[in-house]
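Trainee: I am new to this structure and would like to go through it with you. Could we look at it together, one topic at a time?

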Amino acid sequence: MTHARLSSLMSRGADFLGCETAILCGAMSWVSERNLVSAISNAGGFGVIACGAMTPELLDAEIAATKALTDRPFGVNLITMHPQLFDLIEVCARHGVGHVVLAGGLPPKGSIEAIKQKGAKLLCFAPALSLAKKLARSGVDALVVEGMEAGGHIGPVSTSVLAQEILPEMAGQLPVFVAGGIGRGEAIAAYLEMGAAGVQLGTRFACATESIAHPAFKKAFFRASARDAIASVQIDPRLPVIPVRALKNAGTESFTAKQREVANLLDSGTIEMMEAQLQIEHYWAGALRRAVIDGDVEGGSLMAGQSVGMVTKEEPVAAIIAQLLDEAAQALERRAA
Ligand SMILES: Cc1cc2nc3c(=O)[nH]c(=O)nc-3n(C[C@H](O)[C@H](O)[C@H](O)COP(=O)(O)O)c2cc1C
């Protein structure tokens with residue numbers, strides 16, 4: 001089997017990222033820390049640190065620790081609503097981080113300039129074609145198109161539809177990486193042929209040997225099938241919450257209770273909408289930590305995408321990447337025959 005066609009289809013994305021293979025491991029809060037990130041980059045992929053709610057000091061330490069484990073490029077994912085976003089950008093710049101991924105909404109005023117001024121490349125999520133165009137116009141260097149099959153915070157549209165809407169229009173202008181629901185190489189081959197520069201996977205890597213996720217968290221993934229990874233439901237129209245895809249457990253119910261509590265605070269005028277949304281995000285960060293770090297698979301949040309059914313055992317990152325690449329290369333070969 002030859003990987004020549006696959007390498008050629010991946011070359012634009014790999015060149016952009018500065019790695020061998022255009023497979024990003026999307027940032028996963030609590031999971032994407034020094035061990036998983038360095039393992040991904042050392043295996044030829046592109047690891048991304050999940051900054052989440054970290055303080056600038058914690059991010060500084062995490063980047064330094066990751067650098068000690070790999071001399072290959074990796075990125076940092078920052079959440080736009082972090083109150084110290086500009087300090088975090090400064091930390092990335094001080095370390096010479098080459099790629100910053102901004103998640104959680106449109107980049108706030110000044111953030112694109114601040115990131116690019118220091119020489120880093122900026123990747124943003126484009127949840128619709130109109131936003132993809134807007135982001136490209138504002139100087140973003142690459143896009144991630146993520147469908148609702150993904151784990152964690154999701155938009156309303158599937159990966160296959162977003163890819164069809166966005167790739168033909170945007171792939172000529174800038175590299176576009178497709179994410180959400182990718183568990184095997186055949187899907188990678190298909191998106192590359194449609195014009196993607198590469199792909200981003202989260203769920204498939206969450207339980208790798210190098211992932212620090214608790215054994216109970218990993219076991220829950222190995223047992224789950226696609227239909228267990230469900231999106232959270234908004235219970236109050238006045239409180240718009242971004243849906244989160246996770247494995248169904250008791251924590252799913254406690255999110256409903258949390259929404260009621262926050263909606264009541266909004267009603268009574270105790271808090272403003274911005275604070276209400278921050279409280280919801282803090283809830284998720286805490287719940288995810290309980291599952292990933294403490295192994296509380298009942299009360300915590302088991303964020304997972306629909307590809308979770310294809311995660312069946314603990315494997316080293318290098319084996320997962322090798323398998324994905326073989327599957328993709330074989331699919332391309334079959335089509336060429
Ligand atoms: C446990 C978990 C935590 C995540 N945390 C984040 C995060 O902090 N920031 C972010 O931009 N995306 C986050 N994501 C999304 C991933 O980066 C990635 O885009 C997604 O997992 C890709 O879809 P897949 O799960 O179908 O592979 C998370 C996903 C999971 C499964």
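Trainee: What does the side chain of S111 reach?
Mentor: The side chain of S111 reaches the backbone oxygen of P108, at 2.6 Å. A polar contact is a pair of N or O atoms within 3.5 Å; within protein, one must be able to donate a hydrogen and the other to accept it, and residues adjacent in sequence count only if both atoms are side-chain atoms. This is a predicted model, in which local features need pLDDT of at least 70 and side-chain atom pairs count only at pLDDT 80 or more, while totals for chains, interfaces and linings use all residues. Residues are numbered from 1 along each chain as its sequence is written, and side-chain values use heavy atoms, with hydrogens and water left out.

Trainee: Where is S111 found?
Mentor: S111 belongs to helix α5, residues 111-117. Helices (H or I, at least four residues) and strands (E, at least two) are DSSP runs, numbered from the N terminus.

Trainee: Is S111 buried or exposed?
Mentor: S111 counts as buried because its relative accessibility is 0%. Buried means under 20% relative accessible area, exposed over 50%, and partly exposed in between, with a 1.4 Å probe and protein chains only.

Trainee: Which residues is S111 in contact with, leaving aside neighbours within four places in sequence?
Mentor: With those neighbours left aside, S111 is in contact with L85, F86, I89 and L102. Contact means heavy atoms within 4.5 Å.

Trainee: Let us turn to the ligand. How many residues surround the ligand?
Mentor: The ligand is surrounded by 19 residues, and the closest are A27, S29, E146, G181 and T203. A residue is near a molecule or strand if one of its heavy atoms lies within 4 Å of it.

Trainee: How do the residues of that shell divide?
Mentor: The shell around the ligand divides into seven nonpolar, ten polar and two charged residues. Ala, Val, Leu, Ile, Met, Phe, Trp, Tyr, Cys and Pro count as nonpolar, Asp, Glu, Lys and Arg as charged, and the others, Gly among them, as polar.

Trainee: What lies 2.7 Å from an oxygen atom of the ligand?
Mentor: That is a backbone N or O atom of G181. For G202, a backbone N or O atom lies 2.8 Å from an oxygen atom of the ligand. In the side chain of N77, an N or O atom is 2.9 Å from a ligand oxygen. The protein covers 94% of the 600 Å² of accessible area that the ligand has on its own. Accessible areas come from the Shrake-Rupley method with a 1.4 Å probe; for residues, only the protein chains shown count as cover.

Trainee: A change of topic, then. How many disulfides does the structure hold?
Mentor: The structure holds zero disulfides, a disulfide being a pair of cysteine sulfur atoms within 2.5 Å.

Trainee: Now D236, please. Where does D236 lie?
Mentor: D236 lies in the loop between β10 (229-231) and β11 (244-247). With a relative accessible area of 9%, D236 is buried.

Trainee: What does the side chain of D236 make a polar contact with?
Mentor: Its partner is the side chain of R238, at 2.4 Å. Leaving aside neighbours within four places in sequence, D236 is in contact with Q259 and A263.

Trainee: One last residue. Where is E298?
Mentor: E298 is in the loop between α12 (273-292) and β12 (302-303). E298 counts as partly exposed, because its relative accessibility is 47%.

Trainee: How far apart are E298 and I115 in space?
Mentor: From C-alpha to C-alpha, E298 and I115 are 39 Å apart, and 183 residues separate them in sequence. Leaving aside neighbours within four places in sequence, E298 is in contact with N249, A250 and G251.
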